[in-house]
Amino acid sequence: MLPARIALLALLVSGSAPAAPVEPPEPELRDLLARTVGAADSFEHRFDAEVWLLDMSSRLQRYVVEDAQRLELLRLVHSEARRAKLSPELVLAVIEVESRFDRYAISVAGAQGLMQIMPFWLQEIGRPEDNLFNVRTNLRMGCTILKFYLDKEKGNLVNALARYNGSYGRIEYPAKVIDALNRRWYRG
């Protein structure tokens, strides 16, 4: 049943019918996707998880080549974004601009990980032992910070993104994130 769903989802995502019968996916990828969907508890329905993970996985492949790592990252992004009441696609756009999906990225200012969190936050919240290169820790902190700024700016995405980046009053960073969101991550 799952291979048929994956083929159907691929057809729906591509928007056109294939010229020849769709080949079944590799068994390893099918099993991996099944496990990831089963562990994706932030979706209302299993079908929603299958559609979103398959769609976003194809978009993310240019940055994260390994299937298991890519699907696990997407599952965590979706979970942490939903926990913070953010769009997972917005979080993906922020990560693309901040670190290009390099979980070990360190900026010239010292920000770390996927969402480029400044290490001083660990001391500020009394958790100096936490590791900002841990994907879940980085996503939890990044999503929480971004949601705080979105609320502070009463939903004004441009100002919230500028605050997140420490460039309040400037448009360059928000423009990059919004461009990434519209070009690669938007789901209409």
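Residues are numbered from 1 along each chain as its sequence is written, and side-chain values use heavy atoms, without hydrogens or water. Because the model is predicted, local features need pLDDT of at least 70 and side-chain atom pairs count only at pLDDT 80 or more, while totals for chains, interfaces and linings use all residues.

Helix α9 comprises 14 residues, 172–185. Helices are DSSP runs of H or I with at least four residues, numbered from the N terminus. At 1.5 Å a residue, α9 should span 20 Å; the expected span is 1.5 Å times one less than the number of residues. The end C-alpha atoms of α9 are 19 Å apart, which agrees.

Y173, P174, V177, A180, L181, R184 and W185 are its buried residues (buried is under 20% relative accessible area, exposed over 50%, partly exposed in between; 1.4 Å probe, protein chains only). They cover an arc of only 135° around the axis, so they lie on the same side of α9. The arc is taken from the directions from the helix axis to the C-beta atoms. An α-helix has 3.6 residues a turn, so residues three or four places apart point the same way. N182 and R183 are exposed on the other side of α9. The buried residues of α9 pack against α3 (46–60), α5 (88–99) and α8 (157–165).

I178 also lies in α9. I178 is partly exposed, with a relative accessible area of 24%. Beyond its neighbours within four places in sequence, I178 is in contact with L157, V158 and L161 (contact means heavy atoms within 4.5 Å). I178 and V94 are 84 residues apart along the chain, and their C-alpha atoms are separated by 8.6 Å.

Q112 sits in the loop between α5 and α6. Q112 counts as buried, at 19% relative accessibility. Leaving aside neighbours within four places in sequence, its contacts are A105, I106, I117, P119, L132, F133 and N138.

The lining of the largest pocket has 18 residues. A111, Q116, M118, Y164 and N165 lie nearest the centre of this pocket. At least two lining residues come from each of α5, α6 (120–124), α7 (135–152) and α8. Helix α8 gives the most, with 3 residues.

Terms used:
1 Å grid on protein atoms, 1.4 Å probe; cavity = no way out; pocket = protein on both sides within 12 Å on 5 of 7 lines; lining within 4 Å.
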